[in-house]
Amino acid sequence: MVRRPAEHVVEFGRAWAAGFGWPGVHVLNIVGKALNDARITAYRDQLAQLLQWSAEQLTENTDLVTRQMRGLLAIGLSELGRTEAAVPHLRSVIRLSGVEHGPLHAYTFGARVHLHEMLYDAGWLREAEAEGRALLADFDLVTPEQYERATWAHCVQHQAFTLHGLGRWAEAEELLRTVLAANEGTDGILLRADPLSIVVWLSVVLSAQGRYAEAERELRAGLLAAESRPADEEAGGRHMALDALADLLHESGRSEEAEPLRRAAIRASEECYGADHERTVQARYEWLSHLQLLGRHAEALRGIQELEPDAVEALGAQHTVTIQVRQLHGLVAAETQGYDQSLASQRRLLDEVTGVLGATHRTTMVLRHDYGTVLRDAGRHGQAEKWLEALLRDEGKHLEPGDSMVAATTLSLAEAMASQDRADEALALCHELLRTQVRDLPEGSLRTAATRRQLVRLLAGKGAYGEAAEHAHVLWAMYRGALGEEAPKTLTAAHQYGLQLHRAGLHQQAVEVLETVIEVRARVLGPADRATLRSRMRLGDALAALAVAGTEGRAHREWTAVREAAVREWGEKDELARMAAKALGAGTGEP
């Protein structure tokens, strides 16, 4: 159906009119999704027109088979991007079923569950939440014997997905735990989906609430339990869990630990779906993107050069995943082949995608953001500012104020402004963004972390060290609560807090904070680790600035230890070695 014109369907289109149904209609949603994802627009539009025409022919008939066919055609329409046309048909089916069988009959419930899922899949989250809330209330009015328990579970998990999308994470967690508990009560036969995939969603909502350690425990326990299941029961949850665990470790500052999990996710997807499947291509993309973040640019470039033709052949050049792969190729090229080549390739891709999806489609706006950041990194700050300002205006019209894309663009624009010596304007942007995030996000949400880090940098650059220290302290507290005392990001935030306290003239407080950081870093990372030595360097600076009895000698001992370790590990010309030598000569490590 994907490869031939949609009129091919007409040859069989009247078969279900005889009253016995047409099995091909059951796969129209899969076909529609494949056409839509691959951007095969001519066939997609042909099939959408055919399905819409066919559904309209069924409006006068109310028998069961006709209603079923009309509902399936509506679901197929939605997958083709025609949700506005699909919803009235499915609501009509629900109404007719309610009249024929009753509002609480299994047939009516089934149609409502399909509508709920369709609304979620189309991104109509507020409508999906309202539909799911009403559905779950009606499930409570009937006994389990009156419906398939699996239908209830399907509805509960999609309501949880919807609540997650709306940022109502605690409610989503409660529903996901309810489904998992019910599945255990039926010896694992209740869920249509792989139970491990529900554990993945649970870990995501826990992370969104800042409960990273708990999320990691859930994922590791789920993966361990999955190992005891027969291989033929693998339903795709393992690769999802491995990727989710890698995401979690990366967000926690443990990116090196995450990289092997990315490779394991590729193997798991290949075993479950095959090498050419969309999810396997996506897993390979995630691994290469991770290599890029780790600074392994040459390795990432080799991998992306292999992946791009595979993605084009398997999924099509304009498939969403292929677009991600092609964009990553351009970003890696910026690190390995120069900005001019990267910008040229990214602009070609952006123009192509804009022509297909429009300038304000989410995929297009992601590409526009990345293009603006490369302009900024290439030193074209004025161009980057104009580009990102235009993008931010479009995001303001088409996205919610609390959307993560709005935050990313705002921070990138602030960096472009600051690079042109306009720190006050950049600070105003970041302060406004933080106010929005504090208003809309749970207290202590790590989604404010990037904004606070930017504020620390900008404020310190202006010499406003006291206010910079306040934001650094909030960051430290947030990371401590979410990740624990010894997490890399927690220690980085604590080091930054100590540094800003020292610069603000609060030297005794700085000494106390930095001593704590050094003790933990030496224990976790080792006494000769670069991060440990940086903290010792700053401790020496704070001790020297105290200028009370005994502190100057302690400062010299810290700087001497830093210099000796740096020379031993990296040589005389190392930055830390030279900084410590300068401090020992001048009596201070500060520039």
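1. The expected span of a helix is 1.5 Å times one less than its number of residues. Helices (H or I, at least four residues) and strands (E, at least two) are DSSP runs, numbered from the N terminus. With 16 residues, helix 10 (residues 212-227) reaches 23 Å from its first C-alpha to its last, close to the 22 Å expected at 1.5 Å a residue.

2. This is a predicted model, in which local features need pLDDT of at least 70 and side-chain atom pairs count only at pLDDT 80 or more, while totals for chains, interfaces and linings use all residues. Residues are numbered from 1 along each chain as its sequence is written, and side-chain values use heavy atoms, with hydrogens and water left out.

3. Overall make-up. The chain has 27 helices and zero strands. Its C-alpha atoms fill a box of roughly 95 × 55 × 45 Å, taken along the principal axes. Of the 591 residues in the chain, 48% are buried (buried means under 20% relative accessible area, exposed over 50%, partly exposed in between, with a 1.4 Å probe and protein chains only). Among contacts (heavy atoms within 4.5 Å) with a separation of 6 or more, 60% are between residues 24 or more positions apart.

4. Helix 10, sides. Tyr212, Ala215, Glu216, Leu219, Gly222, Leu223 and Ala226 of helix 10 are buried. They cover an arc of only 130 degrees around the axis, which puts them on the same side of helix 10; the arc is that of the directions from the helix axis to the C-beta atoms. Arg217 and Leu224, on the other side of helix 10, are exposed. The packing partners of the buried residues of helix 10 are helix 9 (195-208), helix 11 (237-251) and helix 22.

5. Helix 7. The 17 residues of helix 7 should span 24 Å at 1.5 Å a residue, and its end C-alpha atoms are 25 Å apart, which agrees. Because 14 of those 17 residues are buried, helix 7 is largely enclosed by the rest of the structure. Gly167 follows helix 7 and has a positive phi, near 80 degrees.

6. Aromatic pairs. The structure holds five aromatic pairs. Rings of Phe, Tyr and Trp (its six-membered ring) pair if their centres lie within 6.5 Å; planes under 30 degrees apart count as stacked, over 60 as edge-to-face and the rest as tilted. One of the pairs joins Tyr120 and Phe161: the ring centres are 5.9 Å apart and the planes stand at 45 degrees, so this pair is tilted. Tyr120 belongs to helix 5 (residues 106-121) and Phe161 to helix 7 (residues 149-165), so the pair ties together parts that are 41 residues apart in sequence. Tyr120 and Phe161 are both buried. Ring pairs also bring in Trp201, making a cluster of Tyr120, Phe161 and Trp201.

7. What kind of aromatic pair do Trp476 and Tyr497 form? The pair is tilted, with 5.7 Å centre to centre and 40 degrees between the planes. Trp476 is in helix 22 (residues 465-483) and Tyr497 in helix 23 (residues 488-503), 21 residues apart, and the pair links these distant parts of the chain. Trp476 is buried at a relative accessible area of 13%; Tyr497 is buried too, at 11%.

8. Charges over rings. The charged end of Arg480 sits over the ring of Trp476, 4.5 Å from its centre. Likewise, the charged end of Arg149 sits over the ring of Trp152, at 4.0 Å from the ring centre. The criterion is NZ of Lys or CZ of Arg within 6 Å of the ring centre and within 35 degrees of the ring normal.

9. Thr410. This residue lies in helix 19 (residues 404-418). Thr410 is buried, with a relative accessible area of 6%. Not counting residues up to four places away in sequence, Thr410 touches Leu392, Leu429 and Leu433.

10. Asp421. The loop between helix 19 and helix 20 (423-440) contains Asp421. Although Asp421 is not a glycine, its phi is positive, about 60 degrees. Asp421 is exposed, with a relative accessible area of 74%.

11. Cysteines. The structure holds zero disulfides, a disulfide being a pair of cysteine sulfur atoms within 2.5 Å. Cys155 counts as buried at 0% relative accessibility, whereas Cys272 is partly exposed, with a relative accessible area of 27%.
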